[in-house]
Each structure stands twice: as structure tokens, then as C-alpha cells.
Amino acid sequence: MTNDVAAKVPMVALGDGNEIPQIGLGVLRIDDDGVRPVVESALENGYRHIDGAAGYNNEAGVGRALEETGWNRGELRRNLWVTTKLRDSEQGYDSALAAFDESLKLLRLDYVDMYMLHWPTPFNWRSGESWKALRRLRDEGRVRTLGVCNFLPEHLERLHEETGEWPAVDQIELHPTWQQREVVAFCKAHGIAVEAYSPMARGADLNAGDGTIERIAQAHGVSPAQVILRWHIENGTIIIPKSVHADRQRSNIDLFGFALTAEEHAAVDALDGPARAGHDPMTFTYA
């Protein structure tokens, strides 16, 4: 059954020639002890993409889950996408290389599928030097794909000017009430895949638009969460919904038995608003 679920999840082609499962499990705000059963149930439920970060302080727990289930080696490992991210405080060439070694050890892996810069920190910009370290890790075969998180067009352009390279993925806050259309358009114009964290604004968008989402959900016999996640899927966005509950993990990946009508999709598009739910990339640093 889980293989059937996994097979339904589309693969998104990246600009570097790799393919990433369009749905992954996010593990933000789950403690190190608590994350292991969450990852194990996600793998049982057909997830083949785990999105983590050094700054979440739970890489060791993710690593234990992968080792104990056998997903850290052999054929299973080849069918799993694992992402982790560099702490902002460890940006820089030498410090990024050392940080990656520690992440790989905690995750109990030989390589990660994607390594990302977590925030651009334009007030303390070290992304160019950090990227050169990431590129070395890719050249050594220890990382397959390089990405960034929370980069705005000006940060992407600066990175390109310093390194001659665009990231394969930009992971941003993206949900119906904060659609970041300028960032998305810039990414699409430069062959950068868009990945959404907080794809439902941590649940806040379930009630957006005076019942719009609920009405669409009732029309299809699905949950409001499934409507929002389906909207992302139809937009071609990579999504990493987070849930610690096995039943919700199952529904979050069960998005391929229905489709939004053009009118329904447009109604979700119309929910775009002026306020983010998370942090401002111009001023924020994480870990």
C-alpha cells in the first residue's frame, strides 16, 4: 500500500538534472526524541522525502529513524530524498564544511540529497563563501543538489553574481494568504524550483476567505487541508507539510483522487494577502 502511495507522488525535475518528490515531511519544532516515530510513520505512509535542518536540533533523531528502518542504506536509501540545512551561525567556507560533517554523522548517512542555506542574512552576508563550500561537497559526491531557503530575488541575484550559479531550489514561506508571486515568478524565470514551507500557514489558512476552503472541501469530500495542498500540487510547488499524527500524514499525501476546477483554483488564488505568517528574510536569522 505504501508503495502505491509513494508512486502517486509526482517527481519534480530540478535544473541540475535531479528529481525530487513533490511531497515531503517537514520536521520543524519536533524534539529529538519525538522525531523518530514521526519519521518512521511517515516512511510507512509512503513519504519518500524528509526535510530537516541542523537548526531544528533533531538530526540525530532523524538519523536513528533512518538507521532503524533501514532507509539509510542500499536500495531504500536510493529511493529516499533527505534534505538538511546549514545553520546561519555556521555560514562561511570552513565552518560550512565542518557543519556538514556533523550533520552527516548525526543523520547516519553517506550523503544528503539536498543541502541548503537556511536564511540569506543580508545584514551579515556570507552566502557566497558558504556556497563555494556547498559546491565542493557536491563535487565530492556528498551532496546531490544545492538549494537555499527564504532568498528573495535580490539575494538570488547576489548569490549568482558571486558564484555564477543559481540554486536548484528556493524554499520559501508560501501559502494561499502569502503567495509571494514576485519571488515565484523570478524563480521560474531562472529555472529554480519553488518549495513551500508552512503550506497551510500552520493551519491558519484553513479558514481563509470566509469559508472558501471549506466549501471547496465539501464539494470534493476531502478536508480543507487537502484542498490547500492540492492547490500547491497543481501549481507545481514542492510541499513539506508537517504532522506528527499518522492519520494526518496519510491525508496530507492523499491528494491524487481529486482535482480543483478552474474556478476553485482561482478562488484559492484570490485569497492572497499582505501579511506573512513567519519571519522576514531581510531581518531574521535562525540558529
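A few ground rules before we start. Residues are numbered from 1 along each chain as its sequence is written, and side-chain values use heavy atoms, with hydrogens and water left out. Since the model is predicted, local features need pLDDT of at least 70 and side-chain atom pairs count only at pLDDT 80 or more, while totals for chains, interfaces and linings use all residues.

**The sheet**

Helices (H or I, at least four residues) and strands (E, at least two) are DSSP runs, numbered from the N terminus. Two strands pair if DSSP finds at least two bridges between them. On that basis there is an open sheet of 8 strands, in the order β3-β4-β5-β6-β7-β8-β9-β10, with parallel pairing. β3 (25-26) and β10 (238-239) stand at the edges with a single partner strand each, so one side of each has no neighbour in the sheet.

Buried means under 20% relative accessible area, exposed over 50%, and partly exposed in between (1.4 Å probe, protein chains only). In β5, 6 of the 6 residues are buried, so the strand is largely enclosed by the rest of the structure. It pairs in the parallel sense with β4 (residues 49-51) over 3 bridges, and Thr-83 in β5 is the bridge partner of Asp-51. β5 also pairs in the parallel sense with β6 (residues 112-117), over 4 bridges; there, Leu-86 stands opposite Leu-117. Further along, 3 bridges join β7 (residues 143-149) to β8, again running parallel, and Cys-149 has Gln-171 in β8 as its bridge partner.

Which residues of α8 are buried? They are Val-183, Val-184, Phe-186 and Cys-187.

Gly-191 follows α8 and has a positive phi, near 70 degrees. Gln-180, in the loop between β8 and α8, has a positive phi of about 50 degrees although it is not a glycine. Gln-180 counts as buried, at 16% relative accessibility. Asn-57, another non-glycine, has a positive phi of about 60 degrees and lies in the loop between β4 and α3 (59-69).

**Pockets and cavities**

The search runs on a 1 Å grid over the protein atoms alone: a cavity is a set of points where a 1.4 Å probe fits but cannot get out, and a pocket is an open set with protein on both sides within 12 Å along at least five of seven lines; lining residues have an atom within 4 Å of a point. Grid points are joined across faces, edges and corners, and a volume is the space filled by probe spheres set on the points. For the classes, Ala, Val, Leu, Ile, Met, Phe, Trp, Tyr, Cys and Pro count as nonpolar, Asp, Glu, Lys and Arg as charged, and the others, Gly among them, as polar.

| Space | Volume | Lining residues by class |
|---|---|---|
| Largest pocket | about 570 Å³ | 14 nonpolar, 9 polar, 5 charged |
| Second largest pocket | about 270 Å³ | 8 nonpolar, 5 polar, 3 charged |
| Largest cavity | about 70 Å³ | 6 nonpolar, 3 polar, 2 charged |
| Second largest cavity | about 50 Å³ | 5 nonpolar, 4 polar, 1 charged |

The largest pocket is lined by 28 residues, and the closest to its centre are Leu-28, Arg-29, Ser-198, Arg-202 and Lys-242. For the second largest pocket there are 16 lining residues, with Leu-174, Val-184, Lys-188, Asn-235 and Thr-237 closest to the centre. α8 (181-189), β9 (193-197) and α10 (224-235) each supply at least two residues of that lining.

How many cavities of 30 Å³ or more does the structure hold? There are 2. Gln-180 turns up again in the lining of the largest cavity, along with others including Trp-119, Trp-178, Tyr-197 and His-279. The second largest cavity has Thr-83 in its lining, and Val-82 and Thr-84 are also among the residues there. α3 and β5 are the elements that give two or more residues to this lining, and β5 contributes the largest share, 3 residues.
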